[in-house]
Amino acid sequence: MEENNNYIDELIVSFLSGELNQEGRDELKAWIDESEAHRRYFLQRQELWFSALAEEERTRYDHEAAFRQFQQRVAASKSGKKKAVRISWPMWVRYAAVVALVGMIAYFSYRQGEGNLREALADIEVVVPLGSQAQMRLPDGTLVTLNAGSRMTYAQDFGVDNREVELQGEGYFEVAHNEEIPFYVRSKSLQVKVLGTKFNFRDYPEDRQVIVSLLEGKVALHNQIRQEAECFLMPDERVVLDKSDGRMKIESTKRTKADAGWKQGILSFDEVLLPEVIQTLERSYDVQITLKTDSLADYRFYGTFNRTSQGIKDVLEALAATGKIHYTLEDNQIVLY
């Protein structure tokens, strides 16, 4: 029995590391489908695998070393030891394939007819620190780019019978087409339903507005704040939802591409109130900005910057060039007056 488990473990490790050929994949899948016990064994080994190696060890991947680490974790699990692991966002950037893998695991479970998989497994959460961005491909092929200070959550069985994500912050989505399973993005204020399209969704908790800008395709919008009829966006349209009264307003605009320009590091402000400019700068550059003069809160700003080539001081100099704003800068602490 032990010898058979070692063979199965070898198959699992080869599969998780992307080295298993089609014949081996078919053999592993057939073994998982044989019984509920096999399915659970596979899920347990998958969990141990993800906790087996540190991030730098994954970067310098060595199959034999990986398998040794994996076996050590298996032995530790048998002796009752358990270690909690938190995966930071850079690992998701480098190992987006892991996300696709989780989708395949969920597929095996779905084939087994397990109805409560979503309750049995913890959700996957991707958190992007301030001053950073992250890009990943979901199991269904959807490409997602998350902006600084964003958080996205989805179930481990994503893509099997649901394609739903929860977003707090800002994300750009290129959704893989699937007529049978619509794709949903939800925040506390707004839900977007799509089949296949490209759009930008922005809803930070501290923002006064939710903005969804559509570049391609068609999306349906459902207001989560107040009851009103479902509405639709077409390309070059965006919806602005006011969180204070829950009203949605659809605008025809050529700014939809500009709204998603942050993916290339472009920060574009078109008659934006200074407090909103400050929020964007704080997220993008990981700084803290204090507005010392209250009257400046009504000041609107125009300007476009590329944060990949321009630092926060360049933006502050542009603000100061208006003649209405002065600033002090010490480390990452900024005061505007």
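A salt bridge is a side-chain nitrogen of Lys or Arg within 4 Å of a carboxyl oxygen of Asp or Glu. Keep that cut-off in mind while looking at this predicted model. By this rule, the count comes to 15 salt bridges. A few of them are worth a visit.

Start with E125 and R151. Their side chains meet in a salt bridge, with N to O at 3.1 Å. Where do the two residues lie? E125 belongs to strand 1 (residues 124-127), and R151 belongs to strand 4 (residues 151-154). The two residues are 26 residues apart in sequence, so the pair ties together separate parts of the chain. Now check how open each partner is. E125 has a relative accessible area of 35%, which makes this residue partly exposed. R151 is partly exposed too, at 33% relative accessibility.

Move on to D203 and K243. Here the side chains form a salt bridge with an N to O distance of 2.7 Å. D203 sits in strand 8 (residues 198-203). K243 sits in the loop between strand 12 (237-242) and strand 13 (248-252). The pair therefore ties together parts that are 40 residues apart in sequence. Is D203 buried or exposed? Buried means under 20% relative accessible area. D203 has 4% relative accessibility, so this residue counts as buried.

Next come D207 and R202. Their side chains also meet in a salt bridge, at 3.2 Å from N to O. D207 counts as buried, with 9% relative accessibility. R202 is partly exposed, with a relative accessible area of 22%. Both residues also take part in a wider arrangement. Which residues are linked in this network of salt bridges? They are R202, E206, D207 and R283.

Key. Residues numbered from 1 in each chain as written. Predicted model: local features only at pLDDT ≥ 70, side-chain atom pairs only at ≥ 80, totals over all residues. Heavy atoms only, no water. Helix = DSSP H or I, 4+ residues; strand = E, 2+ residues; numbered from the N terminus. Buried < 20%, exposed > 50% of the residue type's maximum accessible area, 1.4 Å probe, protein only.
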